[in-house]
Amino acid sequence: MSIDTKTAGRVAKLARIAVPEEDLPVLADELNGILAFMEQLNEVDVDGVEPMTSVTPQRLKRREDVVTDGSQQEAVLKNAPDAREGFFAVPKVVE
Amino acid sequence: MGELSKLTIAAARDGMRSGDFTSVDVTKDCLAEIEASGTLNAFVHNTPEIALNQAEAADARIKSGNAPAMCGVPLGIKDLFATRGVATQAASDILKDFKPEYESTITQQLWDAGSVMLGKLNMDQFAMGSSNETSCYGDVVNPWKVDDRHLTPGGSSGGSASAVAADLCLAATGTDTGGSIRQPAAFVGITGIKPTYGRCSRWGVVAFASSLDQAGPMTKSVRDAAIMLEAMSGHDPKDSTSSELAVPDFEAALTGDIRGKKIGIPKEYRLDGMPDEIEALWQDGIAMMKDAGAEIVDISLPHTKYALPAYYVVAPAEASSNLARYDGVRFGHRASLAQGDGITEMYEKTRAEGFGPEVQRRVMIGTYVLSAGFYDAYYNRARKVRTLIKKDFEDVFAQGVDAILTPATPSAAFGLGEMKDADPVQMYLNDVFTVTVNLAGLPGIAVPAGLDKQGLPLGLQLIGRPWEEGDLLNHAYVLEQAAGFVAKPEKWW
């Protein structure tokens, strides 16, 4: 499997990172280098092996489904690049 | 100035308790050292006012008796830990001006124990890097110097490593996803422990790869590591992966007696092209453990070779998901937009401006390995290999092995900029001895054990059984005593 310029552009788009057209060939090369390194994993016999979901054999604890926090609008908005009238503001989303 | 900043945590604790000096004295010494350490670029946000207030409160508490061991001890905090009202940027422009409204559980525990915050420490951006050259604050410089070159302190906890080795603070917090505590500790000649996954709460620590990330202390001695790790450990309801197991008295575990213990030497860690000095150091370490009465056994961890490629699938996959939150909406940087730009352009421009090149690369690799059609081929396969890597260790521990001894790094510290034109994969090889431990969730510790012929520190790594940090620290203590590493960098900065 190898990444061409078009795939590199698609990955950048999926990752929501703007990459100028002229930088895509270099990006594709770099990604291919890393993927080639990962190809070693194909040498391993993984038949019947469970993919790891948790590194320690513990069950995630469930807590009671109750409200434990809240009413912190000011603190929540404090670091927002654009907060107006108690809300996060973003560019227009719908036409 | 500076004599008190050279203290270990244990010596400072004892001296403050017996009234030889106060926390304010030690803190002022550290602040003066930090002030004069600009060249190292280790501290990036200094908090002298907070430090002096905390030191005064600590002195009052010590005077009243009953103060915990960490009370009054001045620390540096890696920029990855959220500290209320104090810049927390993960060394990234995307979190520029971010001042959290909350405190990470670990730092809160340290402040509750009376510790003193000197400031925030430089690191690789989002903890991604092995040389501290990906930071938005610029490179960190290793206090060790043998010629005209500035050397890397390693990464990602490079600021923590530099600051402790240069005696700017008594100890520092670090985090370790693939070796980010142990590799820099080895590069600067200090001790660094990554505990068992789940020993320390991850709440309030900027996430890189959540199934691998663990915090730990970086200190001037094994005893200090034991004292500080205990203060950082424990269950936190806000991190569902943090363990409910009781935290033992780690310092009490340092008996210096490892007679009859079995130390495993994994043959797969003997790499082609590894410098002779690393091999010689390893042999010295083996001899020291043997002299202390341990039994040395040859072991095999057959999937070791696949740990790095598995890591470079799993870690970027988790990072791409964790870093999706940096969208320019709730906190941090937002790009200025052109007329007609919509929300997608806002995301794309913000992330292109805010993330550095290595972070972008890893987010995109993660996006790719998780994308439809490649998920099984890369991500699921890597998770299966991870299961096998963990099983390698379980098999060895089932044979009665108590600890595993390996080199900490494949080389001594290298020059800043020397890897600039190298392929990213070359840099990843720095983690070859440390990354298996994260994949298996085990505790691992780097202990300084000698100098190479240039005069640069080299470290050995001990790997322990899960949840047996006390026993692991005791093995490290024996190694530390036997190695007798006392070298310090000569002050040039």
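**Before selecting anything**

Local features in this predicted model are given only at pLDDT of at least 70 and side-chain atom pairs only at pLDDT 80 or more, while totals for chains, interfaces and linings use all residues. Residues are numbered from 1 along each chain as its sequence is written, and chains are lettered from A and ligands numbered from 1 in the order in which they are written.

The average is 97, and 100% of the residues of chain B score at least 70. For the complex, the predictor gives an ipTM of 0.95 and a pTM of 0.97.

Element names refer to DSSP runs numbered from the N terminus: helices (H or I) have at least four residues and strands (E) at least two.

**Stop 1: the sheet of chain B**

Select the strands of chain B. An open sheet of 11 strands runs in the order S1-S3-S2-S4-S6-S5-S10-S11-S9-S7-S8, with mixed pairing; two strands pair if DSSP finds at least two bridges between them. S1(B) (43–46) and S8(B) (295–299) each have a single partner strand, so one side of each lacks a neighbour in the sheet. Direction ignored, neighbouring strands are turned by 30 degrees against each other on average.

Select Phe43(B) to find Leu121(B) of S3(B) opposite.

Next show H2(B) (residues 23–35), which lies across S1, S2 and S3 of chain B at about 20 degrees to S3(B). H3(B) (residues 48–63) lies across S1, S2 and S3 of chain B, at about 155 degrees to S3(B). For these angles, axes are lines fitted to C-alpha atoms, for helices over the stretch in contact, and values run from 0 to 180 degrees between N-to-C directions.

**Stop 2: strand S11 of chain B**

Select residues 457–464 of chain B. Eight of the eight residues of S11(B) are buried, where buried means 20 or more other C-beta atoms within 10 Å of the residue's own, exposed means 12 or fewer, partly exposed lies in between, and C-beta atoms are placed from the backbone. Both faces are covered: one side holds Pro457(B), Gly459(B), Gln461(B) and Ile463(B), the other Leu458(B), Leu460(B), Leu462(B) and Gly464(B).

S9(B) (residues 403–407) runs antiparallel to S11(B) and is joined to it by five bridges. S10(B) (residues 444–451) is also antiparallel to S11(B), with seven bridges. Ile463(B) is the bridge partner of Ile404(B) and of Gly444(B). S10(B) and S11(B) form a hairpin with five residues between them, and Gly455(B) in the turn has a positive phi of about 100 degrees.

**Stop 3**

Most residues other than glycine have a negative phi, and most peptide bonds are trans. Go to the loop between S3 and H5 of chain B, where Phe126(B) is placed. Phe126(B) has a positive phi of about 55 degrees and is buried, with 30 other C-beta atoms within 10 Å. Ser156(B) is also found between S3(B) (116–121) and H5(B) (158–165); the peptide bond from Gly155(B) to Ser156(B) is cis, with omega near 5 degrees.

Now select H5(B). Eight of its eight residues are buried, so H5(B) is largely enclosed by the rest of the structure. The cover includes S1, S2, S3, S4 (171–176), H6 (182–188) and S6 (214–219) of chain B. After H5(B) comes Asp167(B), whose phi is positive, near 60 degrees.

**Stop 3: the contact between the chains**

Show both chains. The contact takes 55 residues from chain B and 38 from chain A, with two residues in contact if their C-beta atoms, placed from the backbone, lie within 7 Å. On the side of chain B that touches chain A, H9, H10 (343–354), H11 (357–370), H12 (375–398) and H13 (424–428) of chain B give two or more residues. H12(B) gives the most, with 11 residues.

In H11(B), pick Met364(B). Met364(B) is buried, with 24 other C-beta atoms within 10 Å.

Select H9(B), in which 14 of 16 residues are buried.

**Last stop: Glu85 of chain A**

Glu85(A) lies in the loop between S1 (83–84) and S2 (87–88) of chain A. Its phi is positive, near 50 degrees. Glu85(A) counts as exposed, with 5 C-beta neighbours inside 10 Å.

How values were computed. pLDDT = per-residue confidence, 0-100.
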